[in-house]
Amino acid sequence: MENPPQAPPFGFGDRRPGALGDLCVLPDEVICSILENFSPRDVARLSCVSSAMYILCNEEPLWMSLCLNSKRSDKLLQYRGSWKETTLYLENLPTKYIETCRKRLHFDGFNSLFLYRRLYRCHTTLNGFSMDSGNVERKNDISLEEFRHEYDGKKPVLLTGLADTWPAKTAWTIDQLLCKYGDTPFRISQRSSRKILMQLKDYVSYTKVQHDEDPLYIFDDNFGEAAPGLLKDYCVPHLFQEDFFDVLDFEQRPPYRWLIIGPERSGASWHVDPALTSAWNTLLCGRKRWALYPPGKVPLGVTVHVNEDDGDVNVQGPSSLQWWLDFYPLLADEDKPIECTQLPGETIFVPSGWWHCVLNLETTVAVTQNFVNSKNFEFVCLDMAPGYCHKGVSRAGLLAVDGGMSGEAEMADLRQFDTLNHSYSTRKEKRLRTQQGDQMSNGGTANGASKSYDLWKQDFSYDIDFLAMFLDKDRDHYTSPWSSGNCIGQREMREWLFKLWVGKPEMRELLWKGACLALNTEKWWKCLAEICAFYKLPYPMDSERLPVGTGSNPLRLSLQEALVYLIGDHVVKIFAEEGLENAMYSLGTELEFYNLVDQVSSPLRNNIPDVLASGLLYLEDDELLTVLPWDGQKVPDIISNYNLIPPKCSVDGFPFGVWSKKRYEYTKAGMSMSESICSASCSRIWPFIITKRCNGKIYAQLRDALSIQDTLDLAAFLGEQLRGDPIPSTLIEKVDEYIPDDLTKLLSSYKDYPKEGCQPSWIHSDIMDDNIHMEPRSIDCYNNRISPRVGSMDNGNDGSELGQSWRPSHILDFSDLSVGDPLYDLIPIHLDVFRGDSYLLKQLLQNYKIPLLGGQLQHQSLGDIKYQRLSYRAMCYCILHEENVLAAIFSIWKDLRRAESWEEVEQTVWGELNEYKGFP
């Protein structure tokens, strides 16, 4: 938008050209946007350049953005009367400099329509700004049957009477909340990448003096943990109690409930709720104005971005206040949204996929929850599927389809769907643009908008079968990138569907449809049936149709996984994630491991599942599935045809074994994202393995029910079983003189470490709580003593018998076996299995007896004692780890969030390692 020519005030010249120089050709909003990317100190310096720059650099909205984007997330925000003063305080400037900023300079000869409009929005009042005669239906005392038949999944409705019995109806006023929870910090929703927390008393003080266009808004999904008493003040209305996410533990389920407090002018800009869930919102105090559009009808002024690589959706648009002031008046009557004003005690229901925008007309307090039920379940699963086109269509209608605007020149001016090739970004996005430029800024109308809005009606239907047509058939859940915008992770998605399958057998027809959308389970079911038929395994029962869920653990670090089916007494594992090449190395490594265990007669052989069969399943002529047995040795002809023969591959042995896999990982580490996706694109061959099913339960199901002694026995069991064959003491004594002094040489030496004569330890990065099997016991054969019957905790632990004691029996899944520093692979055991318990780590190390390079070594040439600490090396591995290990650490040791140094974190997490000698 260009600055319109304006006559300077009488007696004053236009200071813009001289004060801005070459920058005067840029619109003021562009300059202000650029300034938001500077640091507060740089903006302060720029304000001294010229009078015009002084004006632009002293705008309160600019300093609000600078403050929120520069504030440390571990510090509570406290507003100090102005955003500039608040920012300077956070910069630790002396008081005398902060006081200086209160004395503003004034200049004549500078006019800006952009700044004037923004100033108007910052100071406007909304006393008469309502829509009490809205067109959203109001219903009282509605039955569940009527709600499901008339509204659920169809249209919004305002409901009265649902909160009449809530204590919150009278207790959730600002004064009462302030009295009870004044010192409680709550999360602030604002356009900032940082987490903002304010104590309620500071937030209320801010709301009374602020003049922000888009004021800070309490939107806290963690309010139940911050103030548990609030959860007792309301209950989920009977109309919305069906929620499929209820099968997940609280830590597993995505954010779903929010406390909302906001002053006049605050609100939520246009959006569709995450994962196409539905929502209810109950207002306890104040008035809210709502605007809603049906699915696929993008509001004027809103831009939808969909990333082609991972399907991440990003919606950009004006604040709710700006939209109502600047965009709403441009709409023809037939293009205006569905509207209503929500009053205290009313609950609004927003169906799946509906666009909505909210403006607080006065200070409001509300509670809202999102949910998944039988009406929107398939839409949620669809939104989790890989690809981007279906996500765009479900939000933007047929505008999201290439060529959808062809032949409509007038609409192409208003909106178009194109490919962005930004020179500073590798992300490919589809963007739906809406007109926001000269036409509106110069007082024009949006007459063309009415015609363009007609497109969403033409042949578009928010119907699951219609939307499923836009799924990318070439993309698969197990090989495609996972959108960072999805509300749960890949593994959590599979775990959720599996829990639903087991827990809701009466809904399996619906669940199967959802799983086919999200996971393409129909395809994998056919693969499983072919494997079972070839090896004459029993035909899978209805309860066995879905792969078992893995990934319930929020601290799980590894993402290399297969589809695991439990078929009677057998386990069928189909390697699919990250493409054929990765799958071949995963199966090859596991088969080499089993072979090596047999060769050396390792005692671990008694604690791993029996391998019954292995091979490749491939698709011939796009129709016929064929099974090819393969024991991991030599390269199958069908693999040779895909040019996947590993470099330096010997004729005999295991060409896709652990050493070849290590070379592959080094090669893959140098690939770009697009190359990695390309290497995973083969979807015609799937390696598989069949093992005997273990009795008992996995450790993840029993963790909280085990006695202390059982847990200690588990640590000792892991230490003994995973150490491999003991290294002769004569070699252990020579470790000091064998390893290099330079740590970088030590690390790089693993890349080309000779295969001959080396037996790696059996520890690897996927030994976690769902890969450790345990069985009931009466006699503790591990220590040859009678085990006491210890009462289990009452925590709903999968039906474990009261007083049952358990012993570790099997370790599953060795496809991630690798070579290198075994210290690196201790990370998931310590964080995932032991949850950071240093006593259990000590118990494991006492039985491990593998020399961890470092320990008591003397690195004199490095000139720093820290290199002698195992804890230092382990901490470095955590920081450099490809997975989000640090998040796991700070989740376990919450006190470390206030740590002042990495040394403090190191000693807390890994200090026990420094006592390890590496041998008895």
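**Notebook: contacts, burial and ring pairs**

I began with contacts, meaning heavy atoms within 4.5 Å: of those in the protein with a separation of 6 or more, 76% are accounted for by residues 24 or more positions apart. I note that this is a predicted model, in which local features need pLDDT of at least 70, side-chain atom pairs count only at pLDDT 80 or more, and totals for chains, interfaces and linings use all residues. I also note that residues are numbered from 1 along each chain as its sequence is written, and that side-chain values use heavy atoms, with hydrogens and water left out.

**Overall make-up**

I looked up the secondary structure and found 37 helices and 27 strands. Helices (H or I, at least four residues) and strands (E, at least two) are DSSP runs, numbered from the N terminus. For burial I used relative accessible area: buried is under 20%, exposed over 50%, and partly exposed in between, with a 1.4 Å probe and protein chains only. Of the 920 residues of the protein, 54% count as buried. The accessible surface comes to about 41,400 Å², and carbon and sulfur atoms hold 50% of that surface. Accessible areas come from the Shrake-Rupley method with a 1.4 Å probe; for residues, only the protein chains shown count as cover.

I turned to helix α5, residues 60-70, where the buried residues are Leu62, Trp63, Met64, Ser65, Leu66, Cys67 and Leu68. Against which elements do the buried residues of α5 pack? I found α2 (28-35), α3 (40-46), α4 (51-57), α6 (83-90), β4 (196-199) and α12 (200-209). Glu59 sits in the loop between α4 and α5. I count Glu59 as buried because its relative accessibility is 17%. Leaving aside neighbours within four places in sequence, Glu59 is in contact with Leu115 and Arg118.

**A surface patch**

I found a nonpolar surface patch of about 220 Å², made by Val30, Ile34 and Phe38. Patches take residues with over 30% relative accessible area and no salt bridge; like charges are joined within 9 Å, and nonpolar side chains (Val, Leu, Ile, Met, Phe, Trp, Tyr) within 5 Å. A salt bridge is a side-chain nitrogen of Lys or Arg within 4 Å of a carboxyl oxygen of Asp or Glu. Val30 lies in helix α2 and is partly exposed, at 33% relative accessible area.

**Cysteines**

I searched the whole structure for disulfides, pairs of cysteine sulfur atoms within 2.5 Å, and found 0. Cys381 is in no disulfide, and the nearest cysteine sulfur, that of Cys516, is 9.9 Å away. Cys381 is buried, with a relative accessible area of 0%. Cys532 is also buried, at 1%.

**Aromatic pairs**

I next applied the ring rule: rings of Phe, Tyr and Trp (its six-membered ring) pair if their centres lie within 6.5 Å, with planes under 30 degrees apart stacked, over 60 edge-to-face and the rest tilted. The count comes to 35 aromatic pairs. Tyr79 and Tyr206 have ring centres 5.0 Å apart and planes at 80°, so I record the pair as edge-to-face. Tyr79 lies in the loop between α5 and α6 and Tyr206 in helix α12, so their pair ties together parts 127 residues apart in sequence. Both Tyr79 and Tyr206 are buried.

Trp270 and Trp323 also form an edge-to-face pair, 5.1 Å centre to centre with 75° between the planes. Trp270 is in strand β7 (residues 267-271) and Trp323 in helix α14 (residues 320-327), so this pair ties together parts 53 residues apart in sequence. Trp270 and Trp323 are both buried. Finally, I found a cluster in which ring pairs link Phe147, Trp166, Trp172, Tyr234, Phe240, Trp280, Phe349 and Phe371.
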